[in-house]
Amino acid sequence: MSEHKIELTVNGRHHRGTVEGRHTLGDWLRGQAGYTGVHIGCEHGVCGACTVMVDGRAVRSCLMLAVQADGCTVTTVEGLADPDGTLHPVQQALKDCHGLQCGFCTPGIVCTLAALTADGAQPGEEKLTAAMSGHICRCTGYQGIRRAIRQIAGTDTSAAQGAAHAEQGA
Amino acid sequence: MKAAPYDYVRPSSIEEACTILAEAGGGAQVLAGGQTLMPLLALRMSQPFILVDINHIPELQGVTSVDGGTRVGPITRQNEALVDPILNRDLPTLIRALSHVGHHQTRNRGTIGGSIALGEPAAEMPATAVALGAKVEVRSASQTRFIPADELYFGPYATAIEPDELLTAIHYPAWPDDTITLFREVAMRPGDFALVGLVGALTVEKGVIARAGICWFGMGPTPMKAKSAEVALIGQSIDTLDAAATADLAIADTAPFGDHHATADYRRTVGRRIFVRVLQEALNMRQAA
């Protein structure tokens with residue numbers, strides 16, 4: 001069993017730590033660094049709940065070792081909203097469109113969509129929707145998430161209407 | 001669901017990695033992108049004493065055109081390969097298959113070589129290497145050798161790569177510009193391992209099939225090369241080709257098993273259908289052109 005010193009930036013904050021070689025990035029973020037917005041679901045790369053951004057790219061934090069994140073810049077769901085509480089556009093869209101219910105899968109979905117739309121990138125509805133194959137949501141039936149994607153992609157004028165329906169139904 | 005303890009090492013050169021593998025005497029496991037290996041570690045289906053992380057070896061990275069084909073560094077990430085100009089120009093069949101590998105999030109870490117070296121029988125990359133006639137370059141502390149992809153696999157996750165050897169490159173032979181790609185995958189959801197998958201390349205010269213490379217995935221304990229169908233196709237006129245009879249030959253070269261997703265019969269039935277459809281679609285497009 002080997003132990004390793006790591007240094008990385010999480011949500012703009014510098015972190016140092018000592019990790020076992022077998023610790024996943026997700027376990028380190030949650031258990032050692034306190035970023036409990038990282039939700040660990042299946043622990044073998046199927047559910048997508050633990051998805052975070054590593055150097056700007058969406059990756060599953062259960063399929064990457066903490067020691068491999070040495071020197072990397074990591075963003076979790078906690079790092080997306082403005083300090084004054086203004087939500088990231090992806091978070092706002094999911095909120096507007098009833099794109100979450102229990103919220104377990106949501107941090108992963110937010111990180112994937114935020115990574116794909118970072119720096120003004122506009123990958124389009126099709127690509128954003130395709131990336132959702134990497135996330136399992138058991139509450140929403142995905143339609144709210146799809147409406148949120150259309151809002152993010154700017155392809156849906158009925159997003160607010162969809163949310164209104166969802167609220168009526170609730 | 002946590003990996004068993006091991007020593008993690010991060011070599012910075014191929015030589016260093018090969019020395020570690022030689023000294024480990026079979027107790028080491030190479031870590032590339034980790035998108036298949038990490039679950040195996042978490043489930044303790046893989047329990048190495050030493051995990052050798054090859055992600056910091058620059059020589060293993062990148063795509064280059066070489067005499068007679070394309071050389072792909074094994075730790076080239078799948079999402080990087082998808083937008084690589086050389087691969088998009090010279091190996092559209094590989095690009096087509098790559099878009100079905102895992103999910104966007106796993107393609108950000110997953111590598112081409114990692115998938116080929118692990119040898120998951122339902123994965124796209126091993127079957128594509130077999131279909132296109134690729135060779136893999138493997139190195140140990142004492143030698144370098146080349147293994148044709150269709151001699152690489154013995155069973156699920158069992159390959160001809162010895163425990164002291166490292167996959168250092170994949171060499172894809174050149175295929176002509178007008179090569180036809182055959183591809184179809186049936187899975188529970190996009191990005192999951194295939195229940196039934198077919199990948200192949202065909203070239204046609206003056207209305208006659210000149211070259212064919214076809215392989216199944218998810219249809220047996222290894223990628224299953226459709227050898228009899230390849231032989232039968234070569235020399236045939238695309239106007240008189242019997243797709244159904246060729247599909248029967250292709251299915252005869254499979255050995256699917258049943259699991260909780262699908263029975264072996266289901267896989268054979270679906271495989272036969274998609275073979276006929278994919279071949280006919282490809283030939284119709286060629287006849288129309």
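Predicted model: local features only at pLDDT ≥ 70, side-chain atom pairs only at ≥ 80, totals over all residues.

**Confidence.** For the model as a whole I noted an ipTM of 0.92 and a pTM of 0.94.

**Where the chains touch.** Next I looked up the contact between the two chains. I found 25 residues of chain B in contact with 23 residues of chain A. Which elements of chain B each supply at least two residues to the side that touches chain A? I wrote down β1 (7-9), α2 (37-42), β3 (50-53) and α6 (104-107). Sorting the residues on that side of chain B by class, I got 11 nonpolar, nine polar and five charged.

**A sheet in chain B.** Then I moved along chain B to an open sheet of four strands. Their order is β11-β12-β13-β14, and the pairing is antiparallel. I checked the edges too: β11 (180-187) and β14 (224-225) of chain B each have a single partner strand, so each has one side without a neighbour in the sheet.

I went through the pairings one at a time. β11(B) and β12(B) run antiparallel, with eight bridges between them. They make a hairpin, and six residues lie between the two strands. In that turn I spotted Gly191(B), which has a positive phi of about 95 degrees. On the other pairing I looked up, β12 (residues 194-205) and β13 (residues 208-217) of chain B are also antiparallel, and I noted nine bridges there.

What stands opposite Ala201(B) in β13(B)? It is Gly213(B).

**Two helices in chain A.** Last, I turned to chain A, to helix α2 (residues 89-96) and helix α5 (residues 143-153). Their axes come within 8 Å and cross at roughly 135 degrees. The two helices are therefore oblique to each other. I also logged the handedness: α2(A) passes α5(A) in a right-handed crossing.

Which residues meet there? From α2(A) I listed Pro89(A), Val90(A), Ala93(A), Leu94(A) and Asp96(A), and from α5(A) I listed Ala148(A), Gln151(A) and Ile152(A). By class, this contact has six nonpolar residues, one polar and one charged.

Methods. Residues numbered from 1 in each chain as written. Chains lettered and ligands numbered in written order. Axes fitted to C-alpha atoms, helices over the stretch in contact; angles between N-to-C directions. Parallel < 35°, antiparallel > 145°, perpendicular 65-115°, else oblique. Left-handed = near helix turned anticlockwise from the far one by under 90°. Contact = placed C-beta atoms within 7 Å. Nonpolar A, V, L, I, M, F, W, Y, C, P; charged D, E, K, R; others polar. Pairing = 2+ DSSP bridges.
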